Each structure stands twice: as structure tokens, then as C-alpha cells.
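Good morning, colleagues. I would ask you to look at the structure on the screen while I take you through some of its helix contacts and its ligand site.

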Amino acid sequence: MTIDQDKLGEFLGTFVADLGAAIAAGNVVVGHRLGLYRNLAGAPAAPEELAQRTGTDPRYVTEWLRGQAAGGYVSYDPATGQFWLTDEQAYALADPDGLYLPGAFMLVLGALRAESQITDAFRTGAGMGWQEHHEDVFSGCEMFFRPGYVANLVSSWIPALDGVAGKLAAGGRVADVGCGHGASTVLLAQAYPKAKVLASDYHQASIDIARKRAADAGVADRARFEVASAQTFSGTGYDLIATFDCLHDMGDPAGAARHIRQALDADGTWLIVEPIAGDTLAGNLNPVGRVYYSFSTFLCVPNARSQPGGYALGAQAGEAAIRSVAGQAGFTRFRRASETPFNAIYEARP
Ligand SMILES: C[S@@+](CC[C@H](N)C(=O)[O-])C[C@H]1O[C@@H](n2cnc3c(N)ncnc32)[C@H](O)[C@@H]1O
């Protein structure tokens, strides 16, 4: 073995950053749950002040703040001993209508609770369904994805679809399939008050929360919910059927695509929101690809393996694989309508 010290040093630098990020994930979630970021966004504080303002223990808060400052998640002034959040840190960490990144770490911690089951699944090939995960997976997913939908769904993704915005404004019919906690459902119902939305998911607990989210947002009169799989949800004649970040999770995406095809109006549109990915592994070997492949190993592939169908597209399926699923179901038109750094937005039409 010939060790190149420069290359080893470079790798160890990556390792230290990753190790810090891994244990810092728990610290981010603690800061979120206890309102430490939110409070600090309001005004700078020394550790004792922040502890006092949040009803927490000063020694723990001191250690937490030091780690946060070392990671660049909070700012620190050695002259005053005070910590604070810059506007960018506050937008990313403390604002529910901003990026709200702690949700991503909640999703990570929730997913990692399944580590022993996933390790066993590597040996046996068994699946692990969405519903078998810790509830932080569902809430973390909602918190992580919702800001992207707030920023893009109504302002850019729907207008990018041929003729859809006009139909929904006039009172179209929408199905939101695999809706989770219903973040996208509520946004669509708010933006298009004349449209009727049926949201479905095969996970009962997620539907219960989604129904509550719609009631809290005052859109229960136009958003209905049902527990149903993507292969069985009810209704036909839809103008728009949407699958937000869930097609690749399914064991039978082709079956879902066929069901969506027959449920759509002849002039309808299937909006497919998927993680952004290239068609080759080499094209996905980057930080975003790493995030998705790693989530996929714990969440998406096991979920697909838990369902009938034999597919496990994974969270980096890429455009060619999604196009193929749509084509198998009889969709004749398929295009990439939009994209963000995290999502590809496809339009499929009969
Ligand atoms: C990553 S989450 C996305 C949830 C939601 N669409 C969002 O964007 O926040 C994937 C969702 O797909 C649902 N799901 C997985 N397989 C399904 C299937 N075969 N039919 C319906 N829903 C399914 C899960 O229960 C989960 O709510």
C-alpha cells in the first residue's frame, strides 16, 4: 500500500466535515424543537440570556452555541461574547416560511432510527414501508419539501404546464397522489379556490394530518382526502393529477401510471415532481446526488421493496426512467417543464 499523504489529508478533511455534520444533525433538531434558532433570530444573546429566554439550561445552551458557531450555523462575536443569526442564517434555520432547513435534519434523524432494520434488509432483501418509520420522517419530509413547493408550485411549476393554470382558475379537478401531509394539496387549494382537489396517500396517519392541515388553512371545503394507493385512488376526469416526490418510492410505478392515465381527462395533465437527477451514475456523483442516494437507501428503495410490483427506481431515477414509466402507461407526450436545484418537473399527457 502506498499512501499519498496529500490525498489522505484531503480525504480526512472530508471525513471531519462529515463527522461534524452527522452529530450536528441532532443539535440542529434540538435547536429547532426548543426554539433556540427562532429566539436567537429575534435578538443576539450570550448563552445565559438565550437559556433564560427559552427556559433551557445555560450549560447545555453554551455547549450547543459553541458547536453551532464552529459549524457556521450561528454567528459569534468574541469581543462581546454574544451569539446571533445573520439574516441568511435566520432565513435558512428559523423562518417557517423561509428555507426551514431543520426539517431536513429531522428527516435524517427519523430515517436513521431505522438503521438496524435497514441493515437487516441488506441481508434479507426485505422492504420497509413508509408507515413503519418514525413519525419524524413524515414531519421532517413535510418541513423539508414544503418551502420548495411554496416557492415554486403556483408561481412557476403550474404555469409551466400547458393550459393547466387556466383550467384550475376556472374550477378544474385535481388529484394529489401520495400527498403525505398535504403541503402541496393546501397550496393548490389556496391558489385555485374554484378547483376541487382529491388528495390521497396509502398511509392513514399522513392522511389524518393532511386533513387537519387543510382544515387549519380554511380549504376543507375544496380539498378532500382518502386513504388509497396510487394504483387505486378514486375518481376520473381529472384535469391535473400530481405526484410530488413519490413516484420513485413505489413498488409499482407503472401500475400507478396506468391508473393515473385512466383517471385523467382526455386533455388532462400528469405533473410529476421528482428529485433532480441525471440519467447516468457518473452524472449523479455530486453532493445533491449523495443526499438523495443516501435518503433513498433508507427510505425510497425499502418502501418500494415493501410493495408489490418489482420496481425500486430510487430517488435518482433520472428522466429516462420516469419517461419510460409514463410511456409504458400510454402517455404519448412527455417533457421536462421546469426544474430547481433539487427537483425535476415533468409534464406527461395522454
Ligand atoms: C417522500 S413522501 C412525499 C409526500 C408528499 N407528496 C410531499 O411531497 O410532501 C412519499 C409519499 O408517498 C407515499 N406512498 C408511497 N407509496 C405509495 C403508493 N403506492 N401509493 C400511494 N402513496 C404512496 C408515502 O406514504 C409518502 O407519503
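Which residues in α8 meet which residues in α10? On the α8 side they are Arg-146, Tyr-149, Val-150, Leu-153 and Val-154, and on the α10 side Ala-183, Ser-184, Leu-187, Leu-188 and Ala-191. Contact here means heavy atoms within 4.5 Å. By class, eight of the residues in this contact are nonpolar, one is polar and one is charged. For the classes, Ala, Val, Leu, Ile, Met, Phe, Trp, Tyr, Cys and Pro count as nonpolar, Asp, Glu, Lys and Arg as charged, and the others, Gly among them, as polar.

Before I continue, a word on the basis of these values. This is a predicted model, in which local features need pLDDT of at least 70 and side-chain atom pairs count only at pLDDT 80 or more, while totals for chains, interfaces and linings use all residues. Residues are numbered from 1 along each chain as its sequence is written, and side-chain values use heavy atoms, with hydrogens and water left out.

Helices are DSSP runs of H or I with at least four residues, strands are runs of E with at least two, and both are numbered from the N terminus. Helix α8 covers residues 135-157 and helix α10 residues 183-191; they pack at an angle of about 30°, with their axes 10 Å apart. Axes are lines fitted to C-alpha atoms, for helices over the stretch in contact, and angles run from 0 to 180 degrees between N-to-C directions. The two helices, α8 and α10, are therefore roughly parallel to each other; the limits are under 35 degrees for roughly parallel, over 145 for roughly antiparallel, 65 to 115 for roughly perpendicular, and oblique for the rest. The crossing of α8 past α10 is right-handed, that is, the near helix is turned clockwise from the far one by less than a right angle, and anticlockwise in a left-handed crossing.

Tyr-149 brings us to the ligand. The ligand is surrounded by 21 residues, of which Tyr-149, Gly-178, Asp-201, Ala-230 and Phe-244 are the closest; a residue is included if one of its heavy atoms lies within 4 Å. An N or O atom in the side chain of Tyr-149 is 2.5 Å from an oxygen atom of the ligand. A polar backbone atom of Gly-178 is 2.6 Å from a ligand nitrogen atom, and a backbone N or O atom of Phe-244 lies 2.8 Å from a nitrogen atom of the ligand.

I turn now to α6. Helix α1 (residues 5-33) and helix α6 (residues 102-112) pack at about 120°, with axes 9 Å apart. That makes α1 oblique to α6, and their crossing is left-handed.

What does α6 contribute to its packing with α13? Helix α13 spans residues 287-305, and its angle with α6 is about 55°, the axes being 10 Å apart. From α6 come Ala-104, Leu-107, Val-108, Ala-111 and Leu-112, and from α13 Phe-295, Phe-298 and Leu-299. This contact has eight nonpolar, no polar and no charged residues.

Finally, Arg-290 is also found in α13. Leaving aside neighbours within four places in sequence, Arg-290 is in contact with Asp-18 and Asn-284.

How values were computed. Polar contact = N/O pair within 3.5 Å; in protein donor to acceptor, adjacent residues only side chain to side chain.
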